[in-house]
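Hi everyone, thanks for coming.

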Amino acid sequence: MKKTLFLVFVALFSYQCATVPVTGRKQLSLVSNSELMQMSFDNYKAVLDTSKLSTNKKQVEMLRRVGHRIQKAVEDYMAQNGWSAQLEGYAWEFNLIDEDIVNAWCMPGGKVVFYTGIMPICKDETGVAVVMGHEVAHAVANHGAERMSQGLLQQMGGVALDVALANKPAETRVLFGTAFGVASNLGFMLPYSRLHESEADKMGLIFMAMAGYNPQAAPEFWERMAASSKGAQPPEFMSTHPSHETRIKNLKAQIPEAMKYYKKR
Ligand SMILES: [Zn+2]
């Protein structure tokens, strides 16, 4: 037991602590980006291979236009702050899956999926930018990697990802799915914490503003999302993105800061 604890501490201290861009918070990181991205790219391909992609050319083009503009904003923001190395290995992709579920996500390395079911709640291109900025922010802030690290620590004694994959491939894959909130068929999806949500909100506002979308649209999107969740079956998105009364208030408070980036364009 003592030995296990010791190994956990060794694992904790020998791996680099990562730093979240924008907020500067230190986070636990037991997974290397290169390992994680390989897993992410494999999973992304598997999702696309087993899904029906939207044939709505107009919507797909709009989604990709927003995606590329947010990508450019993220790259500019990271370059301006000397953090470009954190985007190494990114291979951005933006796809729209034809399925009536209210959800969207971004896997490590910039692999984005929107489901057609979330498009009416986005309402227009700026609404898509709200979700895109927020989801991409979760990825840029390595929130999934942090959750994956916590999972490896709690469930497998803090082993590294490659060791976990070699010894317990199935469990490790489930851990990945829950950490990134990508696989609804896994049954259980970990909701992002309030801390992760507020970080993604803050960063998302700045990214969308830099991409040329008015950040004032963000609270309106979350109001529409909250209204749509009052039905018998709350949307998928709400199970991974719990909305709290304080969220819209906090978002509104952050808008003046984000507007500085919007006006600079
Ligand atoms: Zn979120």
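Let me start with a word we'll need: a residue is called buried if 20 or more other C-beta atoms lie within 10 Å of its own, exposed if 12 or fewer, and partly exposed in between. Keep in mind as well that what you see is a predicted model.

Is Asn142 buried or exposed? Asn142 has 22 C-beta neighbours inside 10 Å, so Asn142 counts as buried. You'll find Asn142 in the loop between H5 and helix H6, which covers 143–156. There's another thing about Asn142: its phi is positive, about 55 degrees, although the residue is not a glycine. For background, most residues other than glycine have a negative phi.

Now go to the other end of H5. Lys123 sits in the loop between helix H4 (119–122) and helix H5 (125–140). Lys123 also has a positive phi, near 75 degrees, and isn't a glycine. Lys123 is partly exposed, because 14 other C-beta atoms lie within 10 Å.

Let's step back and look at the whole chain. How many helices and strands does the protein chain have? The secondary structure comes to 12 helices and 5 strands. The chain has 265 residues, and 39% of them count as buried. If you take contacts between residues at least 6 apart in sequence, 72% of them join residues at least 24 apart.

How confident is the predictor? The average pLDDT of the protein chain is 84, and 88% of the residues score at least 70. Among the elements, E3 has the highest mean pLDDT, 98, while helix H1 (residues 2–14) has the lowest, 48. Over residues 5–14 the pLDDT stays under 50, and the model has 7 contacts beyond four places in sequence for that stretch. As a general rule, where pLDDT is low, the predicted coordinates should not be read in detail.

What is the order of the strands in the open sheet? The sheet has 3 strands in the order E3-E5-E4, and the pairing is mixed. E3 and strand E4 (104–107) are at the edges with a single partner strand each, so one side of each has no neighbour in the sheet. From one strand to the next, the twist averages 15 degrees.

Zoom in on strand E3, residues 93–97. Phe94 and Leu96 make up its covered face, and Glu93, Asn95 and Ile97 its uncovered one. E3 runs parallel to strand E5 (residues 111–115), and 5 bridges join the two. Lying across E3 and E5 is helix H3, residues 57–80, which runs at about 150 degrees to E3.

Back to H5, this time for its packing. In general, two packed helices are described by the angle between their axes and the distance between the axes. For H5 and helix H10 (residues 217–228), the angle is about 85 degrees and the axes are 9 Å apart. That makes H5 roughly perpendicular to H10. Which residues meet there? From H5 we have Thr126, Gly127 and Val130, and from H10 we have Ala217, Ala218 and Phe221. That contact splits into 4 nonpolar residues, 2 polar and no charged.

Tyr192 is in the loop between helix H8 (169–180) and helix H9 (194–210). Tyr192 is partly exposed, because 19 other C-beta atoms lie within 10 Å. Leaving out residues up to four places away in sequence, Tyr192 touches His138, His143, Glu197, Thr240 and His241. Tyr192 and Phe180 are 12 residues apart in sequence, and their C-alpha atoms are 9.1 Å apart in space.

And last, Thr23, in the loop between strand E1 (18–19) and strand E2 (26–27). Thr23 has 13 C-beta neighbours inside 10 Å, so Thr23 counts as partly exposed. How many residues apart in sequence are Thr23 and Met203? They are 180 residues apart, yet 8.3 Å apart in space, C-alpha to C-alpha. Thr23 also touches Glu199 and Lys202, again not counting residues up to four places away in sequence.

How values were computed:
Residues numbered from 1 in each chain as written. Predicted model: local features only at pLDDT ≥ 70, side-chain atom pairs only at ≥ 80, totals over all residues. Helix = DSSP H or I, 4+ residues; strand = E, 2+ residues; numbered from the N terminus. Axes fitted to C-alpha atoms, helices over the stretch in contact; angles between N-to-C directions. Parallel < 35°, antiparallel > 145°, perpendicular 65-115°, else oblique. Contact = placed C-beta atoms within 7 Å. Nonpolar A, V, L, I, M, F, W, Y, C, P; charged D, E, K, R; others polar. Pairing = 2+ DSSP bridges. pLDDT = per-residue confidence, 0-100.
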